[in-house]
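This report describes one protein structure, element by element. The sequence and the structure are shown first.

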Amino acid sequence: MTIPQSFIQELLARADVVDIVGRYVQLKKGGANFMGLCPFHGEKSPSFSVSPSKQFYHCFGCGKNGNAISFLMEHGGMTFVEAVKDLAQQYGLQVPEDDVSPQERARAAKQREQQSTLTTVLEKAGMAYIKHLRATPRAIDYLKGRGLSGEIAKTFGLGYAPEGWRALASVFPDYNDPLLVESGLVITGEPGEENAQSETKRYDRFRDRIMFPIRNVKGECIGFGGRVLGDEKPKYLNSPETPVFSKGRELYGLFEARSALREHGYALVTEGYMDVVALAQLGFANAVATLGTACTSDHVQKLFRFTDAVVFSFDGDGAGRRAARKALDAALPFASDVRSVKFLFLPAEHDPDSFIRANGQDGFAAAVAKAVPLSKFMLEAAGEGCELDTAEGRAHMASNARPLWSLLPDGTLKRQLLAEIADQVLIDSRELLQIWQPANARDYKNNSSLRPSGKSQRPKTPEISTSMSYEEAFSGNFSDLHDEGAYAASLPMVASPSGRSFAAKGGSTRPVRRIAGRVLPASREDRVLRLMLTDPQSWEKLSGEEHALLCELPAPHGPLFVWLESQLHEHGPQPWAALREGLREHPHEKHAIDQIAQLLEGIECDWDEVRAILDQLLKLKRQQDMVDLLPHVMTDPAARQRYEELSALLKKS
């Protein structure tokens, strides 16, 4: 989905950043601005400033800054499109969808209306469950017996579903309303199970259970988990899959834990609702739980939108180890060099709730500090059942380790683990890589060929001398970046099967450039696009800044990357065949198809090459941003700080 820049500007002009931020941060007037405790890092004295005149927020402690849209992205864990839609809805605006067919637009509108209606129904049921809890001493005594306070029950909206088959009939005037079934609150009987009035049997899904409302990242109720008060089976019962709830993508307690995730610096993933609530009461409000299912890649991806560190907490028994193994598989593709994943194994007789009550807050914190790093657990998992004092056992471990190691994103951690695996199986790293990836082994010893050539010709980042002004420092620099024609001419052209050519920037066309009758290689943007279309999982290897860089590229590339991001968010990684169907009637459908058509059969895109291209594009983007900031650095402190941040980043690259 492409959102016109004019609409974004109109939206930001209508939105009040003080109002948006003030819903999550307690702000106090301080001169011309408002001040509060930063929601992005733990602090005791306010250093978070919100400017009503500039419609801009900035933290002098951690450096986070931006507008209303970026705040919703950072604080709410939303994508850019989600944040724009959410903000537009708050101000009664309709997001333009010019690149969407009327049928798709109507279908999306119907889906939004359906989701809004279902969450309204679920919210109403949740309020009824809360009232039932207050009027049921047996349920209150159960929660008190588990050590929960009324305050924590209020924070998580705990309730009680009373005994009886049709308790919700007193809440909803029309118990036969299809929405009650669609939301998962009511179950209908099978054909042939009609009552005396020849009506299909209907009854409440949740009966005589403590109710835990499940909320999405916006705080909307999307489902429930119910726990029995005794030892009946099943102990826990979840809402079924509905248009608003998917247990493979949602995490219990994530909405309540958002601020604590930043304060603690990590997310603690548990297996039960009660673990989350109990831990929150005892000082670990950064806990979340999977919803009766194994941890999925969607769960991990969602967590890394809020934090760069995750600790999985499991029981120490066999079931806990198996759950941890599945979590390892889900986490490996996201274990980049700047993220931390650990595994906490508690004694077999304990879960997080019982362990923290037996050992106290300090004891639990000490256990978290000793959690097993992902690298160590991966090696343990690969070596499980292998006799490493025999050649056969070492070969077995190498075979087990290969699929795990392959899931890791490229980076230092992946190379270090290659060396550690090689040490354990008593083989040289290069020989092991030759066995695993023959085509890539030649690059292991010296990967200088993976770096872009012509480094000496790149524009040098200007350094600002204390003896000259910003304007003097930049006199005559970066002129080439303003020349669209020069920039486009420096990039190779791509010929489509139809014989037309596409410019690497701006979408214009010109004759295909050839050398000795050969078409030059695809442009940098096209090479990145090809990889993302054939291996969408690679999108998760990119940083947020790189996501924004690609999505902001001129057509056709930017709109295609925006579309791809929305597809990943809604459906997860899909094969090209599925993406091809989703592209139908997209304005740049043909360009995407042409790129795939030009891939030679059996030849895969090179991630290392794409990584080098992204580094190039990111450097150019940062340089251009510095040029754009230059007129404001003398008068706007935020612009000057951003300018200096970009300068520091360029020096490191």
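Strands here are DSSP runs of E with at least two residues, helices are runs of H or I with at least four, and both are numbered from the N terminus; two strands pair if DSSP finds at least two bridges between them. Lys28 has Met35 in S2 as its bridge partner. Two residues lie between the strands of this hairpin, where Gly31 takes a positive phi near 75 degrees.

S2 is also joined to S3, by three bridges in an antiparallel run, and Gly36 has Phe48 in S3 as its bridge partner. Strand S3 (residues 48-51) in turn runs antiparallel to strand S4 (residues 56-59), with four bridges between them; Ser51 is paired with Phe56 in S4. The complete open sheet has five strands in the order S1-S2-S3-S4-S5, with antiparallel pairing. Strand S1 (28-30) and strand S5 (65-66) are at the edges and have a single partner strand each, so one side of each has no neighbour in the sheet. Helix H3 (residues 68-76) lies across S3, S4 and S5, at about 45 degrees to S4. Such angles run from 0 to 180 degrees between the N-to-C directions of axes, which are lines fitted to C-alpha atoms, for helices over the stretch in contact.

## The four-stranded sheet

A further open sheet consists of four strands in the order S6-S9-S10-S11, again with antiparallel pairing. Its edges are strand S6 (159-161) and strand S11 (236-238); each has a single partner strand, so one side of each is left without a neighbour in the sheet. On average, neighbouring strands of this sheet are turned by 35 degrees against each other, direction ignored.

Strand S10 (residues 221-228) and S11 run antiparallel and are joined by three bridges. Gly226 stands opposite Leu237 in S11. Helix H6 (residues 137-145) lies across S6, strand S9 (209-215) and S10, and runs at about 70 degrees to S9.

## A helix pair

The axes of helix H15 (residues 391-407) and helix H16 (residues 412-424) come within 10 Å and cross at roughly 170 degrees. H15 and H16 are therefore roughly antiparallel, a term for angles over 145 degrees. On the H15 side the contact (heavy atoms within 4.5 Å) is made by Arg394, Met397, Ala401, Trp405 and Ser406. H16 contributes Lys414, Leu417, Leu418, Ile421 and Gln424.

## Cysteines

A disulfide is counted when two cysteine sulfur atoms lie within 2.5 Å, and a search of the whole structure finds zero. Cys38 is in no disulfide; the nearest cysteine sulfur, that of Cys59, is 3.5 Å away. Cys38 counts as buried at 6% relative accessibility, buried meaning under 20% relative accessible area with a 1.4 Å probe and protein chains only. Cys221 is buried as well, with a relative accessible area of 3%.

## The whole chain

The protein chain has 27 helices and 20 strands. Of its 653 residues, 47% count as buried. Among contacts between residues at least 6 apart in sequence, 63% join residues at least 24 apart. The chain exposes about 31,700 Å², of which carbon and sulfur atoms supply 51%; the area comes from the Shrake-Rupley method with a 1.4 Å probe.

## Basis of the values

Residues are numbered from 1 along each chain as its sequence is written, and side-chain values use heavy atoms, with hydrogens and water left out. Because the model is predicted, local features need pLDDT of at least 70 and side-chain atom pairs count only at pLDDT 80 or more, while totals for chains, interfaces and linings use all residues.

Terms used. Buried < 20%, exposed > 50% of the residue type's maximum accessible area, 1.4 Å probe, protein only. Parallel < 35°, antiparallel > 145°, perpendicular 65-115°, else oblique.
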